[in-house]
Amino acid sequence: MKAFYLIFGLLIVLAMGCGEATPETQAENTEDATVVADDQQEEAIPVEVVEEPADNEIMISGTNRDEYCPDIDGLMEIGSAFAEDRLSSGATFLISTYEVEEDPQFGWSVPTGVPDVPEDGLILTCRIVASEGLQVGEYTSEDGEFGRIGNIALFHSSGRINPIGSTTIVITEITEEYIKGEISGIGETEYQQFPTLNGHFKLAIL
């Protein structure tokens, strides 16, 4: 009878030993579950694609209320955007919807008169006067801390779009290769609305 109880007790101990996991086994199972959970979590997170903003994005608006101007409201498709290398006295720059070719005699330059604009083309020319040299800062038609906008003009193939609204240009970065900035305009008055330009630009220095 004693032998019977001894054998019965031994079987119970063996059964309990087989049913319990050792600390090492428990740790391995936990690590495996964590790896599976991490893999599932990584697969569940979608990859977000962030597109870089365009160097030049300028919206023209207000032309649809001017009887002398074609309705060309919308985002300008930029073909050329550059500034002349005369930063010691300010800046003269050009933004157009078509490719401006280099003049064989004068090289790259911003037209001073009425430019020859191709059919349905659009061109903005601007001169910033800054006697101490072009600097990062804000420029309007009034004399400011850094200078002023001496002249700004917008031309379409049908002729000059004039006048445009009160314009502010903020130069945000100047390097040896380019000028970056923002342009904004206020065109609404009590009785009238003028065309305006709003957006940002990056001008190659030629």
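## Close-up views of a predicted model

**View 1. Arg148 and the salt bridge with Asp143.** Arg148 is partly exposed, as its relative accessible area is 31%. Please keep in mind that this and the other views show a predicted model. The partner to look for is Asp143: the two side chains form a salt bridge, with 3.2 Å from N to O. Asp143 is exposed, because its relative accessible area of 67% lies over the 50% cut-off. How many salt bridges does a search of the whole structure find? The search finds 1. Arg148 also belongs to strand S7, which covers residues 148–156.

View 2. Let us move to strand S4, made of residues 90–96, where Ser96 lies. Is Ser96 buried or exposed? Ser96 has a relative accessible area of 0%, so it counts as buried, the cut-off being under 20%. The Ser96 side chain comes to 2.7 Å from the backbone oxygen of Tyr98. If neighbours within four places in sequence are set aside, the contacts of Ser96 are Glu77, Ile78, Gly79, Ser80, Leu122 and Ile123. Two of these names, Leu122 and Ile123, fall in strand S5, which spans residues 122–129.

**View 3. Strand S5 between its partners S4 and S7.** On one hand, S5 pairs with S4 through 7 bridges, and the two run antiparallel. On the other, 8 bridges connect S5 with S7, again in an antiparallel arrangement. Why is S5 described as largely enclosed by the rest of the structure? The reason is that 6 of its 8 residues are buried.

**View 4. Stepping back to the protein chain.** To place the close-ups, here is the wider setting. The protein chain has 2 helices and 11 strands, and along the sequence the pattern reads α-α-β-β-β-β-β-β-β-β-β-β-β. Looking at contacts between residues at least 6 apart in sequence, 56% link residues at least 24 apart. The accessible surface amounts to about 13900 Å², and carbon and sulfur atoms contribute 51% of it.

Key. Residues numbered from 1 in each chain as written. Predicted model: local features only at pLDDT ≥ 70, side-chain atom pairs only at ≥ 80, totals over all residues. Heavy atoms only, no water. Helix = DSSP H or I, 4+ residues; strand = E, 2+ residues; numbered from the N terminus. Buried < 20%, exposed > 50% of the residue type's maximum accessible area, 1.4 Å probe, protein only. Polar contact = N/O pair within 3.5 Å; in protein donor to acceptor, adjacent residues only side chain to side chain. Contact = heavy atoms within 4.5 Å. Salt bridge = Lys/Arg side-chain N within 4 Å of Asp/Glu carboxyl O. Pairing = 2+ DSSP bridges. Areas by Shrake-Rupley, 256 points an atom, 1.4 Å probe, with all protein chains shown as cover.
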